[in-house]
Amino acid sequence: MLQVSYIRDNKEQVLARLAVKNFKQPELVDEILALDDNRKQTQNRLDSTSAEANAAAKRIGELMRTGQKEEAEKVKSQTGTWKEDIKRFGEELTSIEQELHQKLVQLPNLPHSSVPVGITPEENEVVLEHGEKPTLPENALPHWELAAKYNLIDFELGVKITGAGFPVYKGKGAKLQRALISFFLDEAEKAGYSEVMLPLLVNEASGFGTGQLPDKEGQMYFVGQDNLYLIPTAEVPVTNLYRDVILKADELPVKNTGYTPCFRREAGSYGAHVRGLNRLHQFDKVEIVQVVHPDTSYSVLEEMSSHVQGLLQKLGLPYRVLRLCGGDMSFTASLTYDMETWSAAQQRWLEVSSVSNFETYQANRLKLRFRNAEGKTQLAHTLNGSALALPRIVATLLENNQTENGIKIPEALVPYTRFEYID
RNA sequence: GGAGAGGUGUCUGAGUGGUCGAAAGAGCACGCCUGGAAAGUGUGUAUACGUCAAAAGCGUAUCGAGGGUUCGAAUCCCUCCCUCUCCGCCA
């Protein structure tokens, strides 16, 4: 959520930035400013009326104590209109604030100045490519066939017990999941992140705090009986750990990592691109989250991007890094890097990580602040990234590493799998 | 799920209609004391909004949330949420 004071002081810039994000309702900006003016006026009226009423109430108290009953009654008789006014102004203020809030949450975050202009994924900027795309033998198989051949993943069984998009991992397939999770967590810990294990269901306030609500309401599974949402990413519970918190300056940066399953309805997805592990309703992911001083957030973003790239390098997967264009970026991000691995059998790039700086956008919703050098409270910056999401890593790993002897496990992972080949 | 108790500032905890943004203690910060530290001692120590160029100051709101009674509510009433204890169920 943007701060109204910021919008007021930088209106032209806000409009220009929103345009980069391909935002379709610039008129909201003026509406918000007008509502805010109205809010201030109404609050002023309410405050001064309340002040008068409070003063009178105090007077009455004094008069009663000193036995001046008649005088007290006289003052009392004047309080009627104040009471009505206070009620009326209060109701007005509430309704203005609600309308303001409702419009404010419709504004996406402002993109960073380095974000390329563009609408579609094709307009994302390729920052770098790393590693050789492997050339596979003629009879190379896509991962869903490999998963069946080696009995690693059973999609049909998942359909039976739940539905499409809920795979069952078996044998070495299951162990591979566990190995990747442990590997990612250990690497994160080495990089200074402390591990947390979290609730997989969150309340509405948490969903709002990180920006999933109200924007992505339809993408989350909802447990109506208890009013809880299944998390679409560990970002939600991890970041909400710091909701309504004022950190000391020396507590920054906060670095957390957590493994969780993630649940996404993926309403509207279909077709060949969702085959196998490409798109699931439930998948596993290790997330890294940082809460940092605003001055450092962009260097931290680079650091997080390097961490993710380091993981891909250790796994020996060819990848590229994209700087997302304004139109392809999420609602809440200021700058996002996507990491994609090359799936040799499918001959296409698969997104395996997304690393973003949210600047104060989430912090403002979360009321996540720190005490700055002047001793004042200031909004912190939040960042997060997948490090990493498993399914597409598994997909490329299976496809790219297929040999005549089976699927070769990357060296870095062998201590975790305790087998070198899937055969 | 049943019965009971309770939700006050960073924490403990007092406060049952006015002098309460809130005693006291702890913690924390700064100063004094000390060779240095501890002890001792002094001062300070919520957040948001508004007013203001800004700071100070001032005003308003906030004692789980919302509503009500009253000139006046942390305190009385109603609704909801949450926590704890006991019972039941149970990995």
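This is a predicted model: local features need pLDDT of at least 70, side-chain atom pairs count only at pLDDT 80 or more; totals for chains, interfaces and linings use all residues.
At the level of the chain, 50% of the 423 residues of chain A are classed as buried. The accessible surface of chain A amounts to about 20,500 Å², of which 49% is supplied by carbon and sulfur atoms. Along the principal axes, the C-alpha atoms of chain A occupy a box of roughly 105 × 45 × 45 Å. The secondary structure of the chain consists of 14 helices and 19 strands. When contacts in chain A between residues at least 6 apart in sequence are considered, 74% of them connect residues at least 24 apart. With regard to charge, chain A carries 47 positive and 57 negative side chains; the centres of these two sets are separated by 4 Å.

An open sheet is built from three strands in the order 5-7-6, with antiparallel pairing. Its edges are formed by strand 5 (201-202) and strand 6 (222-223), each of which pairs on one side only. Two bridges link strand 6 to strand 7 (residues 228-230) in the antiparallel sense. Across this pairing, Phe-222 lies opposite Tyr-229 of strand 7.

A further set of antiparallel pairings involves strand 13 (residues 348-357). Seven of the 10 residues in strand 13 are buried, leaving the strand mostly covered. Strand 13 is joined by nine bridges to strand 12 (residues 335-343), and the two run antiparallel. Within this pair, Val-355 of strand 13 is found opposite Tyr-337. Strand 12 and strand 13 form a hairpin with four residues between the strands. In that hairpin, Gln-347 adopts a positive phi near 55 degrees. Strand 13 also pairs with strand 16 (residues 381-389), again in the antiparallel sense, over three bridges. Here the bridge partner of Asn-357 is Leu-383 in strand 16.

Key. Residues are numbered from 1 along each chain as its sequence is written. Chains are lettered from A and ligands numbered from 1 in the order in which they are written. Side-chain values use heavy atoms; hydrogens and water are left out. Buried means under 20% relative accessible area, exposed over 50%, partly exposed in between (1.4 Å probe, protein chains only). Contact means heavy atoms within 4.5 Å. Accessible areas come from the Shrake-Rupley method with a 1.4 Å probe; for residues, only the protein chains shown count as cover. Lys and Arg count as positive and Asp and Glu as negative; His and the chain ends are not counted. The place of a charge is taken as NZ of Lys, CZ of Arg, CG of Asp or CD of Glu. Two strands pair if DSSP finds at least two bridges between them.
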